[in-house]
Amino acid sequence: MTKEEEMAEGRTRHDEPCEEGSLRQRFARGAYGLAATGLLAAASGPIFLYARLSRRPVPGLTPGLSQRMGRYTEPLFTASARPRVWMHAVSVGEVRVAHAIFRELSALLPDLGLCVSTGTPAGNQLARSLFAGSARVVYAPLDIPPALRASLSFSRPDVLVFTETELWPGWIWEAQRRGIPVVLANGRLSEKSLKSYLAFGALFRDVLSCVRVFSMSGALDARRMARLSGMPERILINGNAKFDALALRAGGPGRDALRERLGIPPERKVLVCGSTRSGEEQILLASFRKLREGFPGSLLVLAPRHLKRLPPVLEAVRDAGLSFVLWDQATPESLGPADCLVVNTMGDLFSLYAAADLAFCGGSLVPKGGQNVLEPAVWSVPVLFGPHMDDFAESRDLLLAARGGFQVSCAESIVETALGLFSDPIALSAAGKNARSAVLSRRGAAARHAAVIAENFI
């Protein structure tokens, strides 16, 4: 059987942990550690001066600084916990994936101890919420020898699990030096990231030689990782756990409950346009005005991708002659006569998709790579998106094939597609069901990634 066939069938050969290597490798590792430490030392003065003068934390550094230096005030694992699993999930998306994998892993290993590290304040906050009572949540140590040695000496994990595309050379090398197995779970590798890593080919070949197994999310990711690592025999294709994470999230109030709370009657059509970018709002507002000619009283929910763009978005709504209410001020009384609900908070869009009859995902009419079309889909909402979906091509193709998603290119095609669906309740309902079924059909990856951790390294 060829290595490619082994990958397709989910088999791999787990080699022994990598050795310290040649003199050249040892020199490269030492040089990396010195360079990383030197850069941090050189930047620390300006960084902390900025933080002091601005009275703002520096994202990725100053929050949890003691933890980033490998110093903790309490144990990361209980004394009786076995095995001790450290999962690193840098930000919000990876944290949700890690949570889905953990649920499956804890079913296989009820006595495991879990530590979850993050790299951003938003990820840390979400992890504390999702893992409350089940894991210790900390900031990840800086990728410099003093912090890594202090952190791993204190915590002594049995396995270190990185999620998605997290590849920290110093951390991986230090884990290997201590005999701690390293796993990449739900691995993803974009073409852009591949090119960046290949620019440091020898360095990352050495780093990746210390990873026991790459449990990748898709065939394309696996091919890229095989090219980067040169070790296709260590690569598994186990699916994307984001589908499991989405299914877990869509457990709150559904369409009817949310619309009742907002005072939206069943007959009122709701179009939710999420994560919109500059150049898209004018197109969407023009489309909505046309849509209202066929369906008077429809409601547009407009959620710009970046809140700093809120002033020009509100100006565009006014220029379109539409009345609006801000999300954090919305009541059934104020929302009733409004044409548009403008979302001016972070973190609420996913739940608002549940109230939609139809959704549009932004960053796709303009060349920004698109947004996550699976978020509305999991609520049984048909999804519109533009031609620029490079960052979410797999999800786009999934919904198109399932007839739960529709590609549009301009205001006219948005109006035509929306009117067609709104005019045919049976087709609208079927498209929504197709969208949700497509997402749910991909569940199970979290369990497969968890099995790799449990069966091979514990």
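This is a predicted model: local features need pLDDT of at least 70, side-chain atom pairs count only at pLDDT 80 or more; totals for chains, interfaces and linings use all residues.
View A. With a relative accessible area of 31%, Ser-380 is partly exposed. Most residues other than glycine have a negative phi.

**View B. Glu-164 in the loop between strand S4 and helix H7.** Glu-164, which is not a glycine, likewise has a positive phi, here of about 60 degrees, and its place is in the loop between strand S4 (159–163) and H7. Glu-164 counts as buried because its relative accessibility is 8%, the cut-off for buried being under 20%.

**View C. The cis peptide bond between Arg-82 and Pro-83.** Arg-82 and Pro-83 are joined by a cis peptide bond whose omega is about -5 degrees, and Pro-83 is found in the loop between helix H3 (65–68) and strand S1 (84–88). Most peptide bonds are trans.

**View D. The packing of helix H6 against helix H7.** Helix H6 (residues 145–155) packs with helix H7 (residues 169–177) at an angle of about 45 degrees, their axes being 10 Å apart, and the two helices are therefore oblique to each other. Their crossing is right-handed. From H6, Leu-148, Arg-149 and Leu-152 meet Gly-170, Trp-171, Glu-174, Ala-175 and Arg-177 of H7; the residues of this contact divide into four nonpolar, one polar and three charged.

Terms used: Residues are numbered from 1 along each chain as its sequence is written. Side-chain values use heavy atoms; hydrogens and water are left out. Axes are lines fitted to C-alpha atoms, for helices over the stretch in contact, and angles run from 0 to 180 degrees between N-to-C directions. Helices (H or I, at least four residues) and strands (E, at least two) are DSSP runs, numbered from the N terminus. Angles under 35 degrees count as roughly parallel, over 145 as roughly antiparallel, 65 to 115 as roughly perpendicular and the rest as oblique. A crossing is left-handed if the near helix is turned anticlockwise from the far one by less than a right angle, and right-handed if clockwise. Contact means heavy atoms within 4.5 Å. Ala, Val, Leu, Ile, Met, Phe, Trp, Tyr, Cys and Pro count as nonpolar, Asp, Glu, Lys and Arg as charged, and the others, Gly among them, as polar. Buried means under 20% relative accessible area, exposed over 50%, partly exposed in between (1.4 Å probe, protein chains only).
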